[in-house]
Structure formats: structure tokens, C-alpha cells
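Hello,

Please find the structure we spoke about below. My notes on pockets, salt bridges and a surface patch follow.

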Amino acid sequence: MNTQLDDFFEKVITVKWGPEKKSVDIIDQTLLPGTIKRIQIANKEDLWEAIKKLRVRGAPAIGVAAAYGMAVLSNAMPEDDYDGFYQDFKSVKDYLATSRPTAVNLFWALNRMEKKVLSMKDSTVSEIKAALYEEAQAIRDEDVAISRNIGEIGFSLLKDLKTDGEELGIMTHCNAGTLATAKYGTATAPMYIALEHGWEGRDMHVYCDETRPLLQGARLTSFELVNSGITTSVQCDNMASLLLKSGRVKIIFVGCDRVARNGDAANKIGTSGLAIIAKHYGVPFYVCAPSSTIDPNTVDGDHIPIEMRDPEEIKSMWYETPMVPSAVDTSFNPAFDVTDHNLITGIITEKGLCQGPDYEKSFRELGIF
């Protein structure tokens, strides 16, 4: 048991039920690390905005928030008419699906909630609404278990690299931690599981890419890790090559928002470049991915849609005055890039470690699809 870690997890629960389960309660991640503020969401517009504006973010957490949201929003839908209820349900589901195009967990969770509705066509609408709450809770509980399993597999890799008396250098990009999931995270799960297995924070030294332009590594991952007692450093994204060349980093864990059938993985912009550098210096590069993130309908990375975001995130979002002249074009602001499967040492799922070169075969052997 690690009291510091448990206390931190309790303080920053990403998504939970609001009072009387009439709203979705999230931690507003746009205010971190300076302010820890929870907000309650009770309508579809606010939930759409929270997902789009990254108040809730990270593929698994988005999925949980969407599932909770569909349960809450179902309360206002027709009670005595299945067809009318389903029509309203489908409309809200389709609306929420437009909030973020890349994170496959969003669509996975929404589709799972719809499947529950369709499977209960002969039930009363009130029974369906109760079942939606149960399904949303199951999605969250499963995500906790999934993250823990990913963490255990990742921890086994850490144990193989650990040298007595020396801190183990680990690197990550963006935030794939508890703030991106229901609890343990994906890319941070191995570190949290290490603490639960008795490692001390000083046994590890985690280097966090700051992750431009939204700084999720600097604002969120470092916030998580240092509050969990883990030795933590933040460096600019363009310092990764020199850091890896130094030999201080022994392994890299990153999360992802979608994995194609061939193992190509979309993650926060900058991940692909880090993977290229890691390959050059021989540093193992692992993608941590719940099986729900692996999309059998996407053949390869070229078919993964890449979200383009507001140019102001580059120009002015983090500055008192604009950092870029107003006449300069900053419209190329992709949220993600795709790491080629040939650059990935392995993809850690809750069902096991998948390795190339034939990732599709590995996914099938584990029963992922």
C-alpha cells in the first residue's frame, strides 16, 4: 500500500458521478497544475465543449465521460416510447461523436452504450435508463482493471532494467496518466504499479516531454508524478535527442489514441519524432494501449484522421501577449501524429504484450479482434 499514491488518486479522480447521478463530475484539466477545480456537466452542449476543449482528455477518460454523459442525458429523453427514446438517444450520441475525431475510445464507448439500448428493445424505457447507468459504470471499472493490467506488464519490463542502487531513467510524452484514464493511466501505469509493489519514488527518474503546444507533459504528467513521490524532470520536446544520447533514459512509454490494424499508432504530436530518435539511439519504445484503442477497421496509420486544432494554441494561448505576429499563418496545428509500427518495440495491451513486425497477427493471437 502506498498512502501518498492512494491519496493522490482520490484527489484527482478524472470522471465520477455528480450529486444524485444527475450530472457528470470532471476535474477541469485546463486549469492544472495551478488550480484543482471540479465541474458538473448536465447537458450535451457542456459535455461536447468539455471534450473538445480538453477539460476532460485522454482517450480512455473521454470514453468514460461519454458513457457517463449518455446515462445522465438519457434522463431527459421520452419515458413511455422506445422509438422516441432511441431517436433522441441516437441524436445525442451522434452529436457527442463530433467533439474529437481521433480518439477511438470515444466512438467505442458511445457505440457500446447504443448497443445496450438496442439489446433491450423489449424492456421498458425506465429499465433501459437504469441499465445505461450500470453500463457506464462497467466501462469505468473495466478501464481501471485494464490500466492496472497494462501497468503490471510494463512493470515487468522495468524490473528487467533496474540496477540496484541506481535510479531507472524512464521517458514519456504528453499525458497518458491517471488524468487520461479512470485511475492508473496507460503510459504511467508501470510507474504507479512499481510504487504499489514497494518501489520508492527515487528508484525511478521520469523525464516528461513538455509536449507543445498544449504542454500536457509539463502541466499534467509532471503534476501527477511529483505528487505521487516519483523523481520527475521536464524538458522541452526538442531536447529529447541529447537526453537519449546521454544514456540516462533506459525505456520510453507513451500512450495512444488509436492503433491501426498493422500497429501504426496515433498519439500526441511529437510522438513520432521521439520514436525516430529512440530507434537511432537504441532505446526501447513502448506504446501502452487498451485493446479498445486498437481499431481493426483502420488498415494503417494513413487512414487515421488527424485532428487539426485552433491556431491560437500556438500564437497566444499560453502568453500574455501573442508570441507569433498576427499576420503569420499558424493554421497547421495537428493534435496528433502517427508512429510507424516499425519504430515501436512493443504495444502493451491489458491482454498481453504485442510485438512486430506482424502486429495484426499478434493482436489476433491475443483475441483483440
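Which residue forms a salt bridge with Arg-55? The partner is Glu-49, with the closest N and O atoms 2.9 Å apart. A salt bridge here is a side-chain nitrogen of Lys or Arg within 4 Å of a carboxyl oxygen of Asp or Glu. Arg-55 is partly exposed at 23% relative accessibility, and Glu-49 is partly exposed at 25%. (Buried means under 20% relative accessible area, exposed over 50%, and partly exposed in between, with a 1.4 Å probe and protein chains only.)

The model is predicted: local features need pLDDT of at least 70, side-chain atom pairs count only at pLDDT 80 or more, and totals for chains, interfaces and linings use all residues. Residues are numbered from 1 along each chain as its sequence is written, and side-chain values use heavy atoms, with hydrogens and water left out.

Salt bridges

The structure holds 21 salt bridges. Arg-112 takes part in one with Glu-135, at 2.7 Å from N to O. Because Arg-112 lies in helix α5 and Glu-135 in helix α6, this pair ties together parts that are 23 residues apart in sequence. (Helices are DSSP runs of H or I with at least four residues, strands are runs of E with at least two, and both are numbered from the N terminus.) Arg-112 is buried, at 19% relative accessible area, and Glu-135 is buried at 14%. Arg-112 also forms a salt bridge with Glu-142, again with 2.7 Å between the closest N and O atoms. Glu-142 is in α6 as well, 30 residues from Arg-112. Elsewhere, Lys-52, Arg-100, Glu-307, Arg-309 and Glu-313 are linked in a network of salt bridges.

Pockets

A pocket is an open set of points on a 1 Å grid over the protein atoms alone, where a 1.4 Å probe fits, with protein on both sides within 12 Å along at least five of seven lines; lining residues have an atom within 4 Å of a point. The largest pocket has about 380 Å³ of space. Its lining has 22 residues, with Val-104, Trp-108, Ser-291, Ser-292 and Ile-294 closest to the centre. Helix α5 (104-119) supplies at least two lining residues, as do α3 (59-73) and α6 (125-161); α5 gives the most, with five.

The second largest pocket has about 300 Å³. Among its 17 lining residues, Lys-52, Lys-53, Arg-309, Glu-313 and Met-317 lie nearest the centre.

Surface

Tyr-319 is in the loop between α11 (312-315) and β11 (336-339).

Regards

How values were computed. Points joined across faces, edges and corners; volume = space filled by probe spheres on them.
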